[in-house]
Amino acid sequence: MEIGALTKVTARQADEVLQLALAAGQSVLQVPGMAPPVYLQHLISKPAFNEAVQFLAFALPKREAVWWACLCARADLHESAPAPVVAALTAAEAWVYRPTEENRHAAMERAKEAKFETPAAWAAVAAFWSGPSMAPPDLPAVPPAPHLTGVAVFGAVTLAAVQTEAALADEKRQRYIKIAVDIANGGSGRVDVKGR
């Protein structure tokens, strides 16, 4: 898989990204002194696809990370998906297209209605946790911890990989990583993820 320069990733060292994952209480594969593209290539070569998904969830800028979660959730969405699940995904996408406070709070409301059980719901949570406050609009601001968006994105992408056809989880992760790499290099993320 061609990684490229990951131009959207602002961290100069992979360790900077891994600190966010560690703050979230997650275990990480640490290899000191690697630039993000080198570290990601290292994970893919192992192969350690789950760790690569985790790394990308924390490495991408928040809006791009939420978009990645949305694309993975949509790839796993079935025509028979319940209306609250579709609404959660639509709300998360609406925040990506237009990141207003109204759209951000709407995303969390739709995630609640979807009962936090699906990739779509966690994409919506990721939108909400992208800040600037987790408090209701009429209360003093309570900024979300910097790692929370990555936690929700990692949850959304992981659920998309395992919720259906769990035996194909690593194949799905590989396809989802391709989406994230495209986004990280300035693309739309709209690459073919249906093929096996």
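Student: Is Arg173 buried or exposed?
Tutor: Arg173 is buried, with a relative accessible area of 12%. Keep in mind that this is a predicted model.
Student: Which side chain does Arg173 meet in a salt bridge?
Tutor: That's Asp170, and the N to O distance is 3.1 Å. Asp170 counts as partly exposed, at 40% relative accessibility.
Student: How many salt bridges does the structure hold?
Tutor: Seven. One of them joins the side chains of Glu93 and Arg74, at 2.9 Å from N to O. That pair links distant parts of the chain: Glu93 is in helix α5 (residues 83-97) and Arg74 in helix α4 (residues 62-75), 19 residues apart.
Student: And how accessible are those two, Glu93 and Arg74?
Tutor: Glu93 counts as buried because its relative accessibility is 11%, under the 20% cut-off. Arg74 is partly exposed, at 36%.
Student: What about Arg110, which side chain does that one meet in a salt bridge?
Tutor: Arg110 pairs with Glu113, at 3.0 Å from N to O. The two are three residues apart in helix α6 (residues 101-113), so they are separated by about one helical turn. Arg110 is partly exposed at 24%, and Glu113 is partly exposed too, at 43%.
Student: Are Cys70 and Cys72 buried or exposed?
Tutor: Cys70 is buried, with a relative accessible area of 0%. Cys72 counts as buried as well, at 0% relative accessibility.
Student: Last one, His147. Where does it lie?
Tutor: His147 is in the loop between α7 (119-128) and α8 (148-162).
Student: Buried or exposed, that His147?
Tutor: Buried, because its relative accessibility is 16%.
Student: Which residues is His147 in contact with, leaving aside its neighbours within four places in sequence?
Tutor: Leu20, Ala23, Ala24 and Phe58.

Key: Residues are numbered from 1 along each chain as its sequence is written. This is a predicted model: local features need pLDDT of at least 70, side-chain atom pairs count only at pLDDT 80 or more; totals for chains, interfaces and linings use all residues. Side-chain values use heavy atoms; hydrogens and water are left out. Helices (H or I, at least four residues) and strands (E, at least two) are DSSP runs, numbered from the N terminus. Buried means under 20% relative accessible area, exposed over 50%, partly exposed in between (1.4 Å probe, protein chains only). Contact means heavy atoms within 4.5 Å. A salt bridge is a side-chain nitrogen of Lys or Arg within 4 Å of a carboxyl oxygen of Asp or Glu.
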